[in-house]
Amino acid sequence: METKAGGPGAFAGFDLSRTPSPCFVVDEAAVRRNLAILKDVRDRSGARVLLALKAFSMWALAGVVAEYLDGTCASGLWEARLAREHYHGELTSYSPAYRREDLPEILRLSDAVIFNSPDQIARFADLIAQARAAGEVFDIGLRLNPECSQGEVAKYDPCQAGSRLGFPVSQLRPEHLAGVDGLHIHALCEQDFEPLRRIWQSLEPRLAGLTSGLKWLNLGGGHHITRADYQREDLIALLADIGRRHGLKVLIEPGEAIALDAGILVGEVLDVFDNGGPVAITDISATCHMPDVIEAPYRPALLGEVDDGVTVRIGGPSCLAGDIIGDYRFAAPPAPGTRIAFLDQAHYSMVKTNTFNGVPLPAIALWNSATDALRLVRWFDYADFRDRLS
Ligand SMILES: Cc1ncc(COP(=O)(O)O)c(C=O)c1O
């Protein structure tokens, strides 16, 4: 996959020696820029916009998020707790399946709980009734698989054949919507407006006669709304139109769009040697710190990469032979001690880090490119590694 990073932005002028290494550095001004765009979409479309915590849950910025968006969406109990402890506004929870022991708390914390199938709603009818009898107020949602593939890569396509995500719309009958307040679809990944339009054009006729008892429609995430070339006016028009014609509250729950191009991962070159070309080992690991580099896979953009020069293979310090971040051009092979940074690492990388091989976790710093204020928000030590093992 191609990186969708838009460029270094203000990080072009950031002194990489100002933080420990490795370290995620998130630019509050860039997050605010993204949030302002999303708020504009919200205000002009009438849709509600939730932050998908799975993509970006740097709760040091929860207060900032609250200035612009309506709330958050969680993927299960722990994200729901995080939302209620640190974030503000409404909370929607969706998981492909819930554990019976988790559901009472999820129902208590959430404003809407979205299920993956009518069977699950039926199976947990007792818990739903008990929570309501205890005074909890929440909506019930059903995730639909619109069966309209728009993804380029099957791994990121919730409409792939045999998908486990969402109830196939071809199976939907009026009786499945008894007790259901809203529908949810999520079928995009880093996409612009046209795939959403195509999904809606395919889905709308299939929902004919089924939406009258519903309160809301949640169009999920995957909308790359804050990318410079995203067709925002078209999105605003579509969201407003759906809301108006169907009398539904419309929601979207982007994650990546909130933190797009808003953070870097700073690292340091530990060693360089030759093996048919220069190979650099860094304290940034693909497998521990940027697992999507291997999983997607994609090649993250390197801050300050030159057009011509020597190609250096950059990899991490773990034992995994494939712990390779990519091949990058430098004016000259970087000496040990050189600081480097990969662009667009605020979303998904930070939430996916792990300590395989005892590789230290990156610290987390908050920078404001408008004021140049820099604050080290969190750092990790040996105890963080030890205490998640036994
Ligand atoms: C149900 C759901 N909602 C929202 C999102 C957020 O998507 P993105 O970060 O691509 O906007 C995801 C991502 O996988 C998702 O599965």
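A polar contact, for today, is a pair of N or O atoms within 3.5 Å. The model is predicted, so local features need pLDDT of at least 70 and side-chain atom pairs count only at pLDDT 80 or more, while totals for chains, interfaces and linings use all residues. Residues are numbered from 1 along each chain as its sequence is written, and side-chain values use heavy atoms, leaving out hydrogens and water.

Let's start at the ligand. Which residue has a polar side-chain atom 2.7 Å from an oxygen atom of the ligand? That is Tyr 348. The protein buries 87% of the 390 Å² that the ligand exposes when taken alone; these accessible areas come from the Shrake-Rupley method with a 1.4 Å probe. Glu 256 uses a backbone N or O atom, 2.9 Å from a ligand oxygen. His 186 has a polar side-chain atom 3.4 Å from an oxygen of the ligand.

Around the ligand there are 13 residues, and among those coming nearest are Gly 222 and Glu 253. Here, near means that a heavy atom of the residue lies within 4 Å.

Now for some rings. The structure holds seven aromatic pairs, meaning Phe, Tyr or Trp rings (six-membered ring for Trp) with centres within 6.5 Å. Why is the pair of Phe 11 and Trp 367 called tilted? Their planes are at 40 degrees, with centres 5.3 Å apart, so the pair is tilted; planes under 30 degrees apart would be stacked, and over 60 edge-to-face.

Conventions
Polar contact = N/O pair within 3.5 Å; in protein donor to acceptor, adjacent residues only side chain to side chain.
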